[in-house]
Amino acid sequence: MDAILRGAEVRLDVDRDEGVATLTLDGARGVNALRTSFVTALDAAVQALRGLQGLTGVLLESAVQPWCVGADLDELWQVRDPARLREEVAALQRMLRALETCGAPVVALLDGAALGGGYELALACHRRVAVDRRDVRVGLPEVALGVIPGGGGTQRLPRLVGLQTALEVILGARVVSASEALALGLVDELAPDLPAARASARAWLATKPSPQQPWERASGGVPPPVPGSAEARDLALGAAARIVKRTAGALRAPQLALNAVVEGGRLDLDDGLAVEAAWFVRQVTSSEARAMLRTLWFHKRAAERHEGLPHVDDAGVRRVAVVGAGMMGAGLAYLAASRGFQVVLKDVSEAALAKAGAHVTARAEARAAKGGEAATAVLDRLTTTVDAKALAGTDLVIEAVFEDLELKRGVARELSPFLAEGALWTSNSSALPIGDQAEGFPRPERFLGLHFFSPVEAMPLVEVIRGPATSDQAVARALAFCRVLGKVPIVVHDGFGFYTTRVFAAYILEGATLVAEGHDPAVVEWAARAAGMAVGPLQVFDEVSLTLGEHVLAERARYGGAGAEGPGVRLVQRLLHEHDRKGRAHGRGFYDYADGKRRGLWPGLTALGAVTPPRRDAHHVTERLLYAQAVEAVRALDEGVVRRPQDADLGAVLGVGFAPNVGGPLAWLDARGATRAVADLERLAATAGPRYTPPRRLREMAAEATCFFPEEAP
Amino acid sequence: MGAVQVFDAVRTPRGRGKPGGGLYRARPVDLASATLAALVARSGLDTRVIDDVVLGCVTQAGEQGACIARTAALLAGYDQRVPGLTLNRFCGSGLDAILHAAGAIAAGQAQVVVAGGVESMSRVTMGSDGGALWEPRSQWAHGVVPQGVSADLLATLQDVARVEVDAFAAESQRRAAAAQTRGAFARSLVPVLDADGSVLLAEDECPRPDATPERLAALKPSFEGIGRLGLDDIARRAYPHVETVRHVHTAGNSSALADGAAAVLVADEARGRELGLRPRARLVAAAAVGSEPVVMLTGPLSATGRALARAGMTAPDVDLWEINEAFAVVPLNVMRTLGLDPARVNVHGGAIAFGHPLGATGAMLVGTLLDALEERDLAVGAVTLCVAGGMGVAAIFERV
């Protein structure tokens with residue numbers, strides 16, 4: 001092999017006998033990301049490639065893991081000027097085009113994750129061979145972060161696999177395994193390892209394939225439907241409808257991605273790439289993209305790195321006990337077992353344990369079917385028991401019994417003698433103060449809250465709550481444990497409702513209050529989603545049940561929080577006690593359910609409102625719902641419950657489903673500006689109630705013209 | 001410059017607008033030229049006195065491209081000095097063609113115009129002309145749903161029940177059958193001939209006299225599937241209080257696809273007298289409006305209101321109405337809102353029975369209206385159609 005080019009980020013070698021060049025991504029700074037220097041280096045390598053005599057083929061490999069992660073978001077974040085961003089995108093697209101038209105067929109050998117721009121690099125190749133291994137994943141997840149593909153993905157993928165599959169991947173922000181990538185056409189072949197992939201690639205190159213993409217050959221075309229045809233139009237219409245169905249129109253990223261696919265698809269590739277570039281710049285410079293990137297990328301990364309938090313490399317946890325085999329307990333047991341911990345699931349009820357065991361089995365089998373670990377291996381790590389003695393040797397307990405202080409204290413007292421020396425006791429309570437729960441616990445410094453979210457396999461957030469006595473060491477170990485579970489933590493201080501439940505309670509109660517005041521419940525639900533909230537307040541109130549909601553509100557009052565009175569609370573009580581409407585699990589709440597499926601809002605709801613015909617003011621509903629949460633977030637920050645604004649926004653978005661498109665409650669306040677927010681809150685306090693009284697911090701921010709997130713580096 | 005008057009109206013029968021229908025083997029240009037030729041034959045006019053031929057045609061692609069009005073006129077034997085204009089305002093086009101002619105006449109730019117419309121839905125599929133209306137950007141801007149979803153949305157907003165739209169449809173079929181039986185269209189219908197002079201189609205073939213409310217009730221809602229996939233949510237974006245769209249329209253209570261053409265002789269009053277023609281009616285007033293695009297089908301209400309205001313009239317002044325039956329909810333909505341007597345609306349049945357050849361219907365309704373006014377010796381009639389994209393067009397005629 002002759003070395004042709006040695007750059008910091010890219011290497012080019014050629015086997016003169018075979019005429020096959022190998023272009024290796026070297027991952028300067030450890031990661032292959034499409035930062036400007038990387039693109040420049042690749043461009044130089046591609047130019048060198050084009051100058052090689054007797055070239056019969058090219059292998060594109062990576063020397064590091066992951067294979068290539070796409071755009072360097074730290075760098076992208078700094079570019080505010082649309083014209084400059086357009087130039088950078090154009091440079092990337094030119095480089096990829098030069099690779100695509102270098103005159104020899106190029107094979108991408110994917111033995112690691114190729115996501116976003118990384119997969120777009122692979123798309124500019126003429127063949128993709130993926131190693132069939134769990135960590136090898138491909139996809140275009142840009143839309144989930146509020147941006148759109150900008151390296152040709154919206155133009156090459158439809159031309160490669162057809163409009164329908166391309167739209168599913170791009171609009172669904174799908175990231176798939178190697179085998180699913182093969183099924184979808186995102187890769188052409190699987191191989192058991194990198195050497196086998198190289199051999200396959202060489203065998204393919206030996207058949208003297210065309211150095212052109214199929215859609216650029218004279219004989220080629222694109223898979224059906226033909227761009228611009230009635231069928232293509234119908235597919236696009238269906239995709240647009242599904243976007244509105246899923247997002248209530250709140251998110252622009254999937255909309256602009258669809259624009260790029262449809263409008264670029266009917267032109268030739270170079271013009272299509274220019275169409276993509278224009279929509280890419282439009283979206284990336286939008287406030288929605290900046291808000292989503294800030295929270296879902298930068299804040300989330302900082303939380304995953306445990307920035308500013310106590311650290312320990314190893315939590316020293318091998319055996320985990322989950323106490324309480326309800327829905328959360330079953331999910332937690334599965335999660336811990338699937339991550340390699342020995343798990344004991346404890347309950348007083350054999351029936352509950354059997355049901356939980358069935359749930360864990362089902363999850364393990366489903367995961368195994370998708371290429372995960374064998375179900376038996378997971379289940380071998382799980383023991384279910386009614387016997388406290390089975391907790392011997394437990395390093396960490398997650399208590400997930402009913403939200404009852406005496407019950408929780410009793411369980412802690414009963415089980416603590418059986419734990420290993422130095423064991424941590426964590427409570428999955430969503431609201432009961434850790435300090436109160438830890439009363440009487442022998443080692444309160446090892447007692448803390450780990451508030452997970454349901455369904456625990458899917459929801460990424462964990463709220464880590466420090467009690468007044470909790471030690472740094474306990475927090476550090478709990479964080480290390482959560483890292484193994486794959487959760488994103490925010491650490492908060494103690495108080496009823498911690499952080500997320502305070503915001504959540506404000507949201508659902510405001511929804512009930514609006515209905516009680518006579519607002520059309522259908523408008524309440526739609527306006528919430530159209531503002532970006534993941535789920536409407538009435539629907540999610542039903543999910544947690546009105547019973548639990550009433551209970552939490554009463555507890556909140558006992559702890560000196562806002563009173564458990566007002567039209568919203570009264571409406572909930574009427575639904576519970578006059579109409580026997582307890583929530584989804586009982587078949588009826590704000591909504592009616594049949595066979596577990598939501599059938600529609602209860603028609604009797606509007607009659608319980610203060611005004612008929614019901615009011616239909618979506619703007620007012622949105623204001624009320626968002627400000628109710630935002631003012632609660634500010635208060636939690638003021639009281640020191642939440643450490644910093646980043647945690648407040650991340651916790652709200654990941655835990656409560658707060659509108660990601662505005663970044664979080666505090667970012668939303670920033671966007672309005674403190675002056676306007678104070679004015680709005682004063683107006684709402686006067687008309688809707690003192691819960692909206694602007695906190696003093698906001699008034700100070702208005703006076704000093706400051707904000708929660710000054711716009712320098714994240 | 002005097003009044004704008006209508007002197008004659010002819011139309012082809014309406015064939016089923018699908019391959020195999022009665023007019024499937026007739027090219028759309030031949031349908032149009034048949035009506036143009038018939039109009040001239042009946043009036044005895046020298047075509048050199050005709051200032052323009054204006055035809056509505058919606059799907060102007062393929063066989064309906066290239067300004068079909070001009071070719072139709074030439075093939076009908078019109079003098080080369082008669083130009084042609086083809087226009088598209090979707091379902092309103094046939095009426096809009098007449099109103100365009102009237103406008104030119106009233107402005108002194110023309111004196112005699114043949115106006116009408118043509119559509120062969122069996123040969124040129126609806127929607128095959130594409131258009132930015134259906135693109136994603138239109139969705140994000142204002143929202144677009146297929147007409148059937150709009151119809152169901154309107155029914156939901158106006159609380160119109162399935163039994164009501166089915167009852168309306170059954171009545172349309174009954175009136176159509178009665179009108180056909182007594183030959184109510186005899187003086188307007190022009191049979192369509194094949195190349196060898198044999199008759200392709202002489203009578204409207206779409207009506208289903210067997211369509212009872214019971215049979216209609218058994219039909220599945222046509223737009224529920226696409227609605228549930230997400231088009232209902234596009235509707236909800238414009239109407240957040242509508243939690244669920246009730247899908248009540250079926251193939252039985254919506255207009256049928258159809259093929260057909262129509263032509264109407266429009267002229268300045270004085271010129272018409274000069275040419276020895278006998279007027280049937282004068283155009284009193286007209287209006288075209290835009291309305292909310294997602295519900296799409298409420299245009300007739302505002303268009304009618306504006307036309308009546310321009311005419312210095314109110315709804316009770318109108319003796320007979322032709323409200324296009326694109327979907328049963330459309331005339332039901334107009335009738336309810338204006339308080340119309342159903343006995344005065346679509347007295348010969350409507351598009352639910354006869355079908356709706358998109359570009360032609362507006363002109364066909366004018367002819368049908370005049371026939372019905374004359375049959376009953378009534379004076380004032382109104383024609384209105386809902387139009388895709390959220391538009392409406394209406395015109396008021398008075399017999400002379």
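Trainee: What makes helix 20 of chain A largely enclosed by the rest of the structure?
Mentor: This is a predicted model. Helix 20 covers residues 521-530 of chain A, and nine of its ten residues are buried, so the helix is largely enclosed.

Trainee: Which residues of helix 20 of chain A are buried?
Mentor: Buried means under 20% relative accessible area. Pro521(A), Ala522(A), Val523(A), Val524(A) and Glu525(A) are buried. Trp526(A), Ala527(A), Ala528(A) and Arg529(A) are buried too.

Trainee: How do you know that Asp520(A) makes a polar contact at the start of helix 20 of chain A?
Mentor: The cut-off for a pair of N or O atoms is 3.5 Å. A side-chain oxygen of Asp520(A) reaches to within 3.0 Å of the backbone nitrogen of Ala522(A). That pair meets the cut-off.

Trainee: What comes just after helix 20 of chain A?
Mentor: Gly532(A), with a positive phi of about 115°.

Trainee: Now chain B. How many helices and strands does chain B have?
Mentor: Chain B has 13 helices and twelve strands.

Trainee: What share of the residues of chain B counts as buried?
Mentor: Of its 400 residues, 60%.

Trainee: What share of the contacts in chain B with a separation of 6 or more comes from residues 24 or more positions apart?
Mentor: Such residues account for 82% of those contacts.

Terms used
Residues are numbered from 1 along each chain as its sequence is written. Chains are lettered from A and ligands numbered from 1 in the order in which they are written. This is a predicted model: local features need pLDDT of at least 70, side-chain atom pairs count only at pLDDT 80 or more; totals for chains, interfaces and linings use all residues. Side-chain values use heavy atoms; hydrogens and water are left out. Helices (H or I, at least four residues) and strands (E, at least two) are DSSP runs, numbered from the N terminus. Buried means under 20% relative accessible area, exposed over 50%, partly exposed in between (1.4 Å probe, protein chains only). Contact means heavy atoms within 4.5 Å. A polar contact is a pair of N or O atoms within 3.5 Å; within protein, one must be able to donate a hydrogen and the other to accept it, and residues adjacent in sequence count only if both atoms are side-chain atoms.
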